[in-house]
Amino acid sequence: MLEVKGLSKSFGGLAAVANVSFHIGKGEIVGLIGPNGAGKTTVFNLISGIHRPLKGKILFQGNDITSANSASTSRMGIARTFQSPLLFGELSVRDNIQVALRDGRTVEEILRFFGLEWVENEVPNNLPHGYQRLLGIAIAIATKPSMLMLDEPLTGMNPSEAEKACQIIKAINTEDYYFAG
Ligand SMILES: Nc1ncnc2c1ncn2[C@@H]1O[C@H](COP(=O)(O)OP(=O)(O)O)[C@@H](O)[C@H]1O
Ligand SMILES: [Mg+2]
């Protein structure tokens with residue numbers, strides 16, 4: 001599904017990512033771990049087309065996406081979340097999902113799957129932190145991706161929120177329906 005070969009990226013002479021290679025198969029859940037500043041977010045930014053690598057290659061479903069921008073990686077089926085969820089503050093939970101929605105999907109089923117029906121008319125800021133994070137994942141799933149990248153999905157969650165988020169992440173992966181294939 002995803003193949004990363006010899007990926008490198010520097011910011012003003014500082015090597016953020018140096019010669020990173022890995023492979024991810026369909027259906028796999030893979031974690032990228034490392035201390036703060038290790039370069040994890042930069043790897044996500046490179047794969048999703050926010051940054052261009054200095055060196056290396058990124059192949060997604062056999063296509064070379066090394067130079068693709070974020071609009072085209074999204075169209076090709078790559079979705080990602082951000083360390084701090086990027087939500088539309090004035091829109092309701094329902095409308096935040098609606099704007100990301102791609103065909104073959106309804107807001108109702110996404111609200112239900114993520115347990116967000118009870119707050120569908122609230123603005124994101126009125127939600128407990130854990131639910132704001134879940135909404136970030138729900139928005140990513142609304143785009144009907146083939147691959148989902150979660151940046152620090154459990155950071156700042158209490159143990160019960162983290163447990164719920166883990167269950168949802170596993171459920172997304174077993175629920176073929178949620179992915180474009
Ligand atoms: N847009 C940027 N401009 C300058 N430096 C950056 C930028 N993004 C990341 N860095 C630097 O790259 C290194 C890796 O950062 P990052 O990928 O955010 O690490 P992580 O997500 O593992 O905490 C850090 O030293 C960080 O300061
Ligand atoms: Mg990071």
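Me: Which side-chain atom pair involves Lys-40 and ligand 1, and how is it to be read?

Reply: A polar contact is a pair of N or O atoms within 3.5 Å; within protein, one must be able to donate a hydrogen and the other to accept it, and residues adjacent in sequence count only if both atoms are side-chain atoms. Here an N or O atom in the side chain of Lys-40 is 2.8 Å from an oxygen atom of ligand 1. Thr-42 places a polar side-chain atom 2.6 Å from an oxygen atom of the ligand, and Gly-39 has a backbone N or O atom 2.9 Å from an oxygen atom of ligand 1. Taken alone, the ligand exposes 570 Å², of which the protein buries 62%; such areas come from the Shrake-Rupley method with a 1.4 Å probe, and for residues only the protein chains shown count as cover.

Me: On what conventions do these values rest?

Reply: The model is predicted: local features need pLDDT of at least 70, and side-chain atom pairs count only at pLDDT 80 or more, whereas totals for chains, interfaces and linings use all residues. Residues are numbered from 1 along each chain as its sequence is written, chains are lettered from A and ligands numbered from 1 in the order in which they are written, and side-chain values use heavy atoms, with hydrogens and water left out.

Me: Which residues surround ligand 1?

Reply: A residue is near a molecule if one of its heavy atoms lies within 4 Å of it. Around ligand 1 these are Phe-11, Leu-14, Ala-16, Pro-35, Asn-36, Gly-37, Ala-38, Gly-39, Lys-40, Thr-41 and Thr-42. Five are nonpolar, five polar and one charged, where Ala, Val, Leu, Ile, Met, Phe, Trp, Tyr, Cys and Pro count as nonpolar, Asp, Glu, Lys and Arg as charged, and the others, Gly among them, as polar.

Me: Which element gives the most residues to this shell?

Reply: Helices (H or I, at least four residues) and strands (E, at least two) are DSSP runs, numbered from the N terminus. Helix H1 (40-47) gives the most, with three residues. Asn-36, which also belongs to the shell, is found in the loop between S2 and H1.

Me: Is Asn-36 buried or exposed?

Reply: Buried means under 20% relative accessible area, exposed over 50%, and partly exposed in between (1.4 Å probe, protein chains only). Asn-36 has a relative accessible area of 75% and is exposed. Gly-25 is in the loop between S2 and H1 as well, but at 17% it counts as buried.

Me: How should I read the burial pattern of a helix?

Reply: An α-helix has 3.6 residues a turn, so residues three or four places apart point the same way. In H6 (residues 159-174), the buried residues are Glu-161, Ala-162, Ala-165, Ile-168, Ile-169 and Ile-172. Seen down the axis of H6, they fall within an arc of 125°, so they line one face of the helix; the arc is that of the directions from the helix axis to the C-beta atoms. On the other side, Pro-159, Ser-160, Lys-170 and Thr-174 are exposed.

Me: What span does H6 have, and what is the case in H5?

Reply: The expected span of a helix is 1.5 Å times one less than its number of residues. H6 has 16 residues and reaches 23 Å from its first C-alpha to its last, close to the 22 Å expected. Helix H5 (residues 129-142) has 14 residues and reaches 20 Å, close to the 20 Å expected. H5 is mostly covered, with 13 of its 14 residues buried.

Me: What does a buried loop residue look like?

Reply: Thr-81, in the loop between strand S5 (78-80) and helix H3 (93-100), is buried, with a relative accessible area of 9%. A polar atom of the Thr-81 side chain lies 3.2 Å from the backbone nitrogen of Asp-151. Val-119, in the loop between helix H4 (107-113) and H5, is buried at 5%. Val-119 and Val-93 are 26 residues apart in sequence and 6.9 Å apart in space, C-alpha to C-alpha.
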